[in-house]
Amino acid sequence: MNEKINKANSIMGLICHTFTYVDEPSFLMLFKALVRPHLEYANSIWNPYKKKHITALENIQRRATKLIPGLKELSYEDRLRKLKLPSLAYRRKRGDMIEVFKLTSGIYDTALPPLLQTRNDNTTTRGHSKKLYQHRSNKEIRKNFFTNRIVNVWNSLPENVISAKNTKIFEHRLDKHWSDQDLLYKYKSNLKTGIEITIDEDIELSIVVNGQRSEEDL
């Protein structure tokens, strides 16, 4: 990750030395084309979960947005809102969901062994028809593997989002569904899914709906 941060900082340095003035449209074009790809390439694999690493990545975009005249005095959140530029933390969550959509829709090579295990029960009245099975994880690093961290978020999406006919339609519907998420511009916020399911050692189902927890024995 340090290599990615250094590369992105190096490119930002070149932009600063090359352009004496950068307006909003020019900044967005340069940042999205030259800097952000280095911070997002294959991040479904190396996605950070420690606060110090998340902040280190976000700081690159934080410093970059200060280059625009008239925005430097605004807070980081307000600069992102002004530019309609999502936080990198939000972009990683969005990228995860796009990868899951491709995996569950057969867009990738179907001859490869499946990475995700779909649930075969039809008893739930919430969520959608492509829910994934949540494996138990005891270690924090394991909980943040791609195949584990995406389950609750994916399972919380509505049917009209996951039933999209192609990736572009899925991206559009996902952006619309998440348009009011705090994480969109506040990188320290958690993604609000509404429903969170975890399984403990006693095979007990714990459901969190709108912040209220109830428990039922399976």
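Visitor: How do you know at what angle helix 1 (residues 2-18) and helix 4 (residues 51-64) cross?
Guide: Their axes come within 10 Å and cross at roughly 5 degrees, using lines fitted to C-alpha atoms over the stretch in contact, with angles from 0 to 180 degrees between N-to-C directions. This is a predicted model, where local features need pLDDT of at least 70, side-chain atom pairs count only at pLDDT 80 or more, and totals for chains, interfaces and linings use all residues. Residues are numbered from 1 along each chain as its sequence is written, and side-chain values use heavy atoms, leaving out hydrogens and water.

Visitor: What makes helix 1 roughly parallel to helix 4?
Guide: That crossing of roughly 5 degrees falls in the roughly parallel class (under 35 degrees), so helix 1 gets that label relative to helix 4.

Visitor: Which residues make the contact?
Guide: Helix 1 brings Ile-5, Ala-8, Asn-9 and Met-12, while helix 4 brings Ala-56, Leu-57, Ile-60, Arg-63 and Ala-64. Contact here means heavy atoms within 4.5 Å.

Visitor: Where is Arg-79, and what does it touch?
Guide: Arg-79 sits in helix 5 (residues 76-83). Beyond neighbours within four places in sequence, Arg-79 contacts Arg-62, Thr-65, Lys-66, Leu-71, Lys-72 and Leu-74.

Visitor: Why does buried Arg-79 have no salt bridge?
Guide: A salt bridge needs a side-chain nitrogen of Lys or Arg within 4 Å of a carboxyl oxygen of Asp or Glu. For Arg-79, the nearest side chain of opposite charge, Asp-78, is 8.3 Å away, so there's no bridge. Arg-79 is buried, meaning under 20% relative accessible area with a 1.4 Å probe, protein chains only.

Visitor: How many of the chain's residues count as buried?
Guide: Of its 218 residues, 37% do.

Note on methods
Helix = DSSP H or I, 4+ residues; strand = E, 2+ residues; numbered from the N terminus. Buried < 20%, exposed > 50% of the residue type's maximum accessible area, 1.4 Å probe, protein only. Lys, Arg positive; Asp, Glu negative; His and termini not counted. Parallel < 35°, antiparallel > 145°, perpendicular 65-115°, else oblique.
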